[in-house]
Amino acid sequence: MNDETRIDRVTRFLSTLNQAKALGLAPKEVGDGYLVMELPYSDKIIGNPDTGVIHGGAITTLMDTTSGSVMICALDEFELCPTLDLRVDYMRPAEPRKPVFARAETYKVTRNIIFTRCVAYQEGGEIIANCVGTFMRIGKEASPKSYRDLITGGEE
Amino acid sequence: MTSPEILKYTQQTGDFSRMLESVPYAKWIGLQCDRFGDDLIFRLPVKEENLGNPILPAIHGGVIGGFMEMSAAIYLMMSQDTLRMPRIIDFSLDYLRAGLNRETYAECHLTRQGNRVANVMITAWQKSRSQPIATARAHFLLED
C-alpha cells in the first residue's frame, strides 16, 4: 500500500467519526505503520478559560483517534479495531491558540492485538503528552463490507 | 481556571451549572453533574457530535475518556478545601464495552490522597452500574 492510499483511507475513516469531524482532526503525514494527525485550536475545547489552554480530554481524543487510525497505515486490509486500553501521561499544558499534533505508530502487530504508542506535541517539538494503547483485532469480517468499501473506496 | 468564587459557590450549593458553564470543553461535550448527599454522579447526555464508530453507533472513546477525566477533576476539587482545579498527571483507561449512543454516567472514588498527589478511580456505565463501559484511574497534582 502506498502513502496516497493510506492518507485516503485515514481521511475517509475520520469522515465517519462525528467527534473527529467536530474537532477538525486531519491527517498530516503517513507512512508504513505511522500516522501524524493535527488538532486545530478552537475555543470550544478550552479547559481553562483564563489562559485558553485546551482540556486534556481533547488531547485524549486526539491521541485515541490517531492511535486508533494508525493501524490503517499498518494493515493492508481495513478492519475496525476497538480500543482495549489507553494510558496517557500529561507532560505539560498545550500552548493556547496553536494546533496540537499527534504522531502514532504501531510498534507490534499480532494476530489478535495491536500495540501503539503516540506522542502529542506542538510546533517546536516540545512534547505535551505521551500515550500507549492496545487495540483488539476483531477481523475484517466483523466490520460490514459496506463500511470497509467506504474506507477503502471499494478497492480491496 | 474557573474563578474561586464560582468554585466556592459550587462547593456550598451543590449547584454545578455555573462551574460547568465556565469550562468550554465541559459545555461542549455536555457534561452534567448532580449531587446526592455527599455523592456525585456525572452525566453525559446523548449528543450526535460525541459519536465515533458509526456502525454501532458508539460514543467516541476519546470523549468517554475526556468525560471521565473531567469528572475526576471536579470530584477531587469538591473533596478538597482548596478552591482550585487539580492538574492531571496521568490517566489510564480500560474500555470494557462499547459506549452506545445513550446517556452515560460516571462516579469517582478517592483511592489515596497524599499531600501533593491524589489517586482517583473512575467508573462509567450506561444501562447498569454493574456493567461498566469503562474504568479509569488518574493521578492528580494538588499543589505546585
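Modeller: A crossing of helices is left-handed if the near helix is turned anticlockwise from the far one by less than a right angle, and right-handed if clockwise. The model is predicted, so local features need pLDDT of at least 70 and side-chain atom pairs 80 or more, while totals for chains, interfaces and linings use all residues. Residues are numbered from 1 along each chain as written, with chains lettered from A and ligands numbered from 1 in the order written.

Colleague: Which hand has the crossing of helix 3 of chain A and helix 4 of chain B?

Modeller: The crossing of these two helices (DSSP runs of H or I, at least four residues, numbered from the N terminus) is right-handed.

Colleague: What makes helix 3 of chain A roughly antiparallel to helix 4 of chain B?

Modeller: Helix 3 (residues 56-69) of chain A and helix 4 (residues 61-79) of chain B pack at about 155 degrees, with their axes 8 Å apart. Angles over 145 degrees count as roughly antiparallel, and therefore helix 3 of chain A is roughly antiparallel to helix 4 of chain B.

Colleague: Which element of chain A gives the most to the side that touches chain B?

Modeller: In total, 32 residues of chain A are in contact with 29 of chain B, and strand 5 of chain A gives the most to the side of chain A that touches chain B, with eight residues.

Definitions and conventions
Axes are lines fitted to C-alpha atoms, for helices over the stretch in contact, and angles run from 0 to 180 degrees between N-to-C directions. Angles under 35 degrees count as roughly parallel, over 145 as roughly antiparallel, 65 to 115 as roughly perpendicular and the rest as oblique. Two residues are in contact if their C-beta atoms, placed from the backbone, lie within 7 Å.
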